[in-house]
Amino acid sequence: MPMDPIEERRLAALTRLGILDTPPEERFDRLVRIARKVYNVKIALFSIVDEERQWFKAKDGLEPRETHRSFAFCDHAIRQEKPFIVEDASKDPRFRNNPLVTGGPQIRFYAGIPVREPGGYKLGTVCIIDDKPRDIREVDLDVLRTLASLIEDELERAYAAVSGDDEVRFTHITRAIQRAQNAFLTNDSDRAAFELMLSDLLAITGSQFGFIGEVLRKEDDTPYLKVEAITNIAWSPETQGLFQQVERLDNLLGAPMLSGSVVVADDYSSDPRKGGLPPGHPPIRCYIGMPVYSKSEMIGLVGLANRDAGYTEEMSDRLAPLLQTVGTLLERKRLYRERQEHQTSLEKAANYDALTGLPNRRRLTELFTQELYEADQRKGTVSVCFLDLDGFKEINDEHGHSVGDAVLRAVAERLKTIVRSHDVIARLGGDEFVAILRDVSDSRVYSRILEAIRQPVNYRHYVLQLSCSMGITVYPDDDVEPDMLLRHADQAMYAAKEAGKNAFKMFDLESHFTRKERVRVLEQIGPALARDELELYFQPKVDFNRCTVEGFEALIRWNHPDDGLLLPCRFLDHIEYTEYASQVGRFVLGEAIKRLLYFDEQGLPYSISVNLSPSYFLGQAFLPDLKAGLGQLPDGIRHRLILEVLETTALDDTRKVIDILKVCQGMGVEVSMDDFGTGYSSLDYFRRLPVQEIKIDRTFVGDMVSDRDDEMVVKAILGLSKNFGRRVIAEGVESREVHERLVRLGCDLGQGYFYAEPMPFDNALEWARNFSWPAM
């Protein structure tokens, strides 16, 4: 295949340099020895990457003179601007089978800095290698960067003898630009890039002193200078303080900021603009101040002083590429600063509850995951406490939302005070809070939380009394995913409510999710399929725009011979990720397709949506099953089969899910994203996922009339969905108030007990025939 043009030019530049296969040279060997000694590693190299090989111009601690390029860590290093670091090659999929890792020299750690030839192309690296894994940060590689720069200087001096002085000056500027950009990209602080560029400016021009500053403006639009880099001279504290921020403009430093043009003073002592320098400042003979622009705006200033040959305005023209790079760095710095400020504001809004300042549901998920990980590392426990205030609705109803908000803020402050600094308190919404507590060994900790909330709340002339019901589950005794831990704690909280409130209850693991129950389900589900004990129930979906029944959601039930009618929560979790998940999924698809054929025969317009378990949907059997089933359906009604995929499934493996959904759409079916709002999809996922329908999770729909946060979530989902052309269905509609609110908000479809509960097929059809639109 043809060679990449950039690589072709790089190899040509390497040939022109004439360094390949030359004898060792002490000037390079010395720098490599320094690298090995400073970093205390087994091997240090100055390597050059040719078309087919990696050749070592200087080496310390390694016998071979070259290796094949395909094995070379350095080949990876020259393909990027920042240092290339491999902390443990044996665990890195790019290198774990590399002969240099599996055999001698047994590479585990590698860190390399690219080395450029005078024209700017990366010819190789200076690198350090060890046979033991090591942790290192990019900022710890300053010595290695310096050695790489010294090697570049040596190469440039050698090149100068052939290329001539004018070209060297050009390459000086080119390399200064490249080094500044590299320093900006690879350092935690942008000051390093400015200091490196100032050093290069002084060297290129032969100046003694200098500075680089950012021009900022006060509220009255008066410019001032914030110094980013300045010559390091042992000045007095007054001088150092002066140059942190220059605000006086009636001198040579301020003149370019006022005029916007280059200022030159060849005889500083007689220049009327001199002054502004504190006592003890080193003498200045001559000076040039060069404004730096971004488009038409002056954003920076470069000042140089004490050049033996003096300064001219033409010098700023020759330095224009460097000054432009200074402008680019300042502009990046400014954009980065603005972006950081904006990002901080967005993150606070996205991650923290506006009323209490506590982490919200989204941020809780991140903190929760981290807490579980750290618990695994230290072999500890995590108590998940779900808190719901007793009597809060009465306070809101009697005194109004402003008083209710004050109560919630007071509760939040008490919770933050009563727990330890490393524990997590979050607000889910309404009067629901969550506490994530580390390594609780005494149940009195939970009692103290309840006692803190029981204390009266004094607000204005009110003295308000409330209490709290709390449910608790403990990880890793309850060894499930974070979402399920919250659900378990929530269930325990309801048990505390039912027991009389103002108390806490531990989640009953044994009765909920015992191994015995799982074994029992797995033993019985196979025969249940064979005996046709599984059945689909159908819950109507109401079209708000046409005031009709749009279709049905098919929901599986188990007619258990001993336990009666079982809901899916009693058995689906047990069969997930087993062979039965596919069998049940295949049964659901087959039944739904059979009902759609019946609708078509009877001239009925209804759709059927089916739920797909994550393991079946992502497994190998699903697409063949779907294709086989759809072979029975006429093309014109395939769109009436709607596949419901959980939002959390889409987030687990987004690329794979997108690919599967595209195949489904190609077969003519539609896709609905189920339980939307619980998985915290990014806007990018929302845009990319090829779905026609969004189903708002019942947790937001059920309380949207009484909970402003939930209503805001519903509004946001509706707005987002409309903008992207998705229809929206709300599940969990259980009251007329919620129904009417959804209609006013412009929701497309509704489903829930307010209309009808799930029922057998014949009953569902009878209900649909007799359906009448609820009067508003």
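This is a predicted model: local features need pLDDT of at least 70, side-chain atom pairs count only at pLDDT 80 or more; totals for chains, interfaces and linings use all residues.
I began with β1 and strand β2 (residues 53–60), which pair in the antiparallel sense over 6 bridges; two strands pair if DSSP finds at least two bridges between them. Strands here are DSSP runs of E with at least two residues, helices are runs of H or I with at least four, and both are numbered from the N terminus. β1 and β2 form a hairpin with 3 residues between them, and I found Ala44 opposite Asp60 in β2.

Residues are numbered from 1 along each chain as its sequence is written, and side-chain values use heavy atoms, with hydrogens and water left out.

Next I looked at the other partner of β1. Strand β6 (residues 122–130) runs antiparallel to β1 and is joined to it by 6 bridges. Ile48 stands opposite Gly124 in β6.

How many residues of strand β1 (residues 43–49) are buried? I got 7 of 7, with buried meaning under 20% relative accessible area, exposed over 50% and partly exposed in between (1.4 Å probe, protein chains only). In a regular strand the side chains alternate between the two faces of the sheet. In β1 both faces are covered, with Ile43, Leu45, Ser47 and Val49 on one side and Ala44, Phe46 and Ile48 on the other.

Asn40 has a positive phi of about 50° although it is not a glycine, and it counts as exposed because its relative accessibility is 64%. I noted another such case in Tyr577, a residue other than glycine with phi near 65°. Tyr577 sits in the loop between α19 (572–575) and α20 (579–602), and its relative accessible area is 65%, so it is exposed.

Then I checked for cis peptide bonds. One joins Gly104 and Pro105, with omega about 5°, and Pro105 belongs to the loop between α4 (99–102) and β5 (109–116). Another joins Tyr475 and Pro476, with omega about 10°; Pro476 is in the loop between β18 (467–475) and α16.

My last stop was helix α2 (residues 26–39), which holds Val38. Val38 counts as partly exposed because its relative accessibility is 45%. For Asp483, in helix α16 (residues 482–498), the value is 36%, so Asp483 is partly exposed too.
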